[in-house]
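Thanks for coming. I will go through one model today and keep to what can be computed from its coordinates.

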Amino acid sequence: LASAQERGYEITRPGQVALSPQNFFINLDEGNRTHTYRVINMGGEPIRLNIDVVHWTLDDKGEFVALPPTATSLDQWMVINPLALDIPPGESRAVRFSIRPAIEVPEGEHRLAVIFKQVPGERTQRDSQTRGVTFQTLFEMKSAVYVSRGTIDRTSKITGITADQDTLQISVAATGNAHTRMRGQFRVLS
């Protein structure tokens with residue numbers, strides 16, 4: 001960064017933002033409820049955010065993949081307010097949502113992602129005698145919303161194990177109708 005600044009580039013810091021909670025676990029069988037995120041601007045500049053919702057999955061490498069809406073995906077049945085907001089420095093704002101499907105939701109787990117995306121702000125005017133370029137960095141945060149209905153089967157199987165001197169990789173495939181997370185202690189003996 002120092003060499004970029006020495007060459008006349010102005011470096012702006014990315015938004016310093018906190019989100020609480022990080023994720024939601026919602027059971028549709030418990031009825032329609034309103035849920036709330038708290039978005040906190042911990043930086044020194046105001047920020048503007050747009051909010052979007054998608055349903056998603058993970059690819060073979062465990063990476064997030066947004067999916068287009070389907071007849072039974074819950075992204076089209078999430079009511080969220082507001083969809084855009086401004087947060088002054090040092091303040092927070094609430095973002096509320098509820099899921100109100102007008103269809104019969106299949107049993108199992110359904111995944112939504114609420115995406116908080118920073119909108120470019122007004123760039124500061126540079127002195128006409130100052131040489132350089134301003135780069136503005138923006139952030140995007142995704143929060144997972146796991147929605148379940150009916151009987152949940154959190155089963156999985158190990159599909160592969162590879163190891164070398166420094167790394168142990170275990171491939172796991174979910175065999176049920178919901179995500180699974182491995183818990184426990186692992187020890188590699190040589």
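**Charges, strands and rings**

Glu30 has a relative accessibility of 55% and therefore counts as exposed. On this scale, buried means under 20% relative accessible area, exposed over 50%, and partly exposed in between, with a 1.4 Å probe and protein chains only.

Before I go on, the conditions. This is a predicted model, so local features need pLDDT of at least 70 and side-chain atom pairs count only at pLDDT 80 or more, while totals for chains, interfaces and linings use all residues. Residues are numbered from 1 along each chain as its sequence is written, and side-chain values use heavy atoms, with hydrogens and water left out.

Back to Glu30. Its side chain meets that of Arg33 in a salt bridge, at 4.0 Å from N to O; the term means a side-chain nitrogen of Lys or Arg within 4 Å of a carboxyl oxygen of Asp or Glu. Arg33 is partly exposed, at 47% relative accessible area.

How many salt bridges does the structure hold? There are 7. One of them joins Glu104 and Arg149, with the closest N and O atoms 2.9 Å apart. That pair links distant parts of the chain, since Glu104 is in the loop between β9 and β10 (108-118) and Arg149 is in strand β12, 45 residues apart. Strands here are DSSP runs of E, at least two residues long, numbered from the N terminus. Glu104 is exposed, at 60% relative accessibility.

Lys142 and Glu140 form another salt bridge, their closest N and O atoms being 3.0 Å apart. Lys142 is partly exposed at 42% relative accessible area, and Glu140 is partly exposed at 40%. Salt bridges with shared partners also join Glu109, Arg111 and Arg154 into one network.

The charged end of Lys142 is over the ring of Phe64, 5.0 Å from its centre. Arg111 lies over the face of Trp56, at 5.2 Å from the ring centre. The criterion is NZ of Lys or CZ of Arg within 6 Å of the ring centre and within 35 degrees of the ring normal.

Next, the strands. Strand β3 (residues 24-27) has a covered face made of Phe24 and Ile26, and an uncovered one made of Phe25 and Asn27. β3 pairs with strand β12 (residues 140-149) in the parallel sense over 4 bridges; two strands pair if DSSP finds at least two bridges between them. Phe24 stands opposite Val145 in β12.

Which ring does Phe24 pair with edge-to-face? The partner is Phe97, at 5.1 Å centre to centre and 85° between the planes. Because Phe24 lies in strand β3 and Phe97 in strand β9, the pair ties together parts 73 residues apart in sequence. For the cut-offs, rings of Phe, Tyr and Trp (its six-membered ring) pair if their centres lie within 6.5 Å; planes under 30 degrees apart count as stacked, over 60 as edge-to-face and the rest as tilted. Phe24 and Phe97 are both buried. Ring pairs link Phe24, Tyr37, Phe97 and Phe116 into a cluster.

β9 also belongs to an open sheet of 4 strands, antiparallel, in the order β2-β4-β9-β7. β2 (17-20) and β7 (78-81) are at the edges with a single partner strand each, so one side of each has no neighbour in the sheet.

Last, two cis peptide bonds. Ser20 to Pro21 has omega near -10°, and Pro21 is in the loop between β2 and β3. Asn81 to Pro82 has omega near 0°, with Pro82 in the loop between β7 and β8 (84-87).
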